[in-house]
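Please read this briefing alongside the sequence and the coordinates. The overall fold comes before the individual residues.

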Amino acid sequence: MSQDCIFCKIIAGDIPATLLYQDDDIIAFNDISPQAPTHILVIPQKHITGPAALTEADQALMGKLVEKGTELAAEVGLDDGYRLVMNNGEKAGQTVFHLHLHVLGGRVMTWPPG
Ligand code: 5GP
Ligand code: ZN
């Protein structure tokens, strides 16, 4: 756990969140400021600062994050499309430095992203 990390505090139960899934490796919860009708965050229990900090040892964990993201998307009925996003670094819009996968859906998405 990282002391100043808001997502580590959610994992510890110190900050409330609407949990959608939890196991020993990952948790999923609703984003507090949804950018689409469905906006889920899937994060590792382990504090990893972002995609660039992943190592070879995290490959299975990363696969699990994506698989669970797609499972949750199907569960909430996003059959006609959704977006999986990981921001890496401030310039890309990363604001929380604990790795997270955004699952966004329920509206038409545009490309390129802003
Ligand atoms: P980033 O900008 O780093 O890719 O995404 C961070 C996300 O975390 C944002 O979409 C933001 O709304 C969400 N977020 C920040 N603080 C909290 C919080 O305390 N609770 C929840 N559920 N989401 C949060
Ligand atoms: Zn953390």
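The points below go from the chain as a whole to selected residues, grouped by topic.

This is a predicted model, in which local features need pLDDT of at least 70 and side-chain atom pairs count only at pLDDT 80 or more, while totals for chains, interfaces and linings use all residues. Residues are numbered from 1 along each chain as its sequence is written, chains are lettered from A and ligands numbered from 1 in the order in which they are written, and side-chain values use heavy atoms, with hydrogens and water left out.

**Fold and dimensions**

- The protein chain contains two helices and five strands, where helices (H or I, at least four residues) and strands (E, at least two) are DSSP runs numbered from the N terminus.
- Followed along the sequence, these elements give the pattern α-β-β-β-α-β-β.
- The radius of gyration of the protein chain is 14 Å, which agrees with the value near 13 Å that a compact globule of 114 residues would have; the radius is taken over C-alpha atoms, and the globule rule is 2.2 Å times the number of residues to the power 0.38.
- The C-alpha trace of the protein chain spans about 35 × 30 × 25 Å along its principal axes.
- Of the contacts in the protein chain between residues at least 6 apart in sequence, 52% join residues at least 24 apart, a contact being heavy atoms within 4.5 Å.

**Surface and charge**

- Buried residues account for 35% of the 114 residues in the protein chain; buried means under 20% relative accessible area, exposed means over 50%, and partly exposed lies in between (1.4 Å probe, protein chains only).
- The protein chain carries 7 positive and 14 negative side chains, and the centres of the two sets lie 7 Å apart.
- In that count Lys and Arg are positive and Asp and Glu negative, whereas His and the chain ends are not counted, and the place of a charge is taken as NZ of Lys, CZ of Arg, CG of Asp or CD of Glu.

- Lys68 lies in helix α2, which covers residues 59-75, and counts as buried because its relative accessible area is 11%.
- The side chain of Lys68 makes a polar contact of 2.8 Å with the side chain of Glu71; such a contact is a pair of N or O atoms within 3.5 Å, and within protein one must be able to donate a hydrogen and the other to accept it, with residues adjacent in sequence counting only if both atoms are side-chain atoms.
- Not counting residues up to four places away in sequence, Lys68 touches Tyr21, Ile26 and Val42.
- His102, found in strand β5, counts as buried because its relative accessibility is 11%, and its side chain makes a polar contact with that of His39 at 2.8 Å.
- Beyond its neighbours within four places in sequence, His102 is in contact with several residues, among them Asp31, Ile40, Leu41, Arg83 and Val85.
- Cys5 sits in the segment before α1 (6-12) and is buried, with a relative accessible area of 6%; leaving aside neighbours within four places in sequence, Cys5 is in contact with His47 and His98.

- Asp79, in the loop between α2 and β4 (82-85), is exposed because its relative accessible area is 68%, and its C-alpha atom is 9.5 Å from that of Gly105, 26 residues apart in sequence.
- Val108 lies in the segment after β5 (101-105) and counts as exposed at 73% relative accessibility, while the C-alpha atoms of Val108 and Tyr82, 26 residues apart along the chain, are separated by 8.6 Å.
- Pro112 is also placed in the segment after β5, and the peptide bond from Trp111 to Pro112 is cis, with omega near 5°.
- As background, most peptide bonds are trans.
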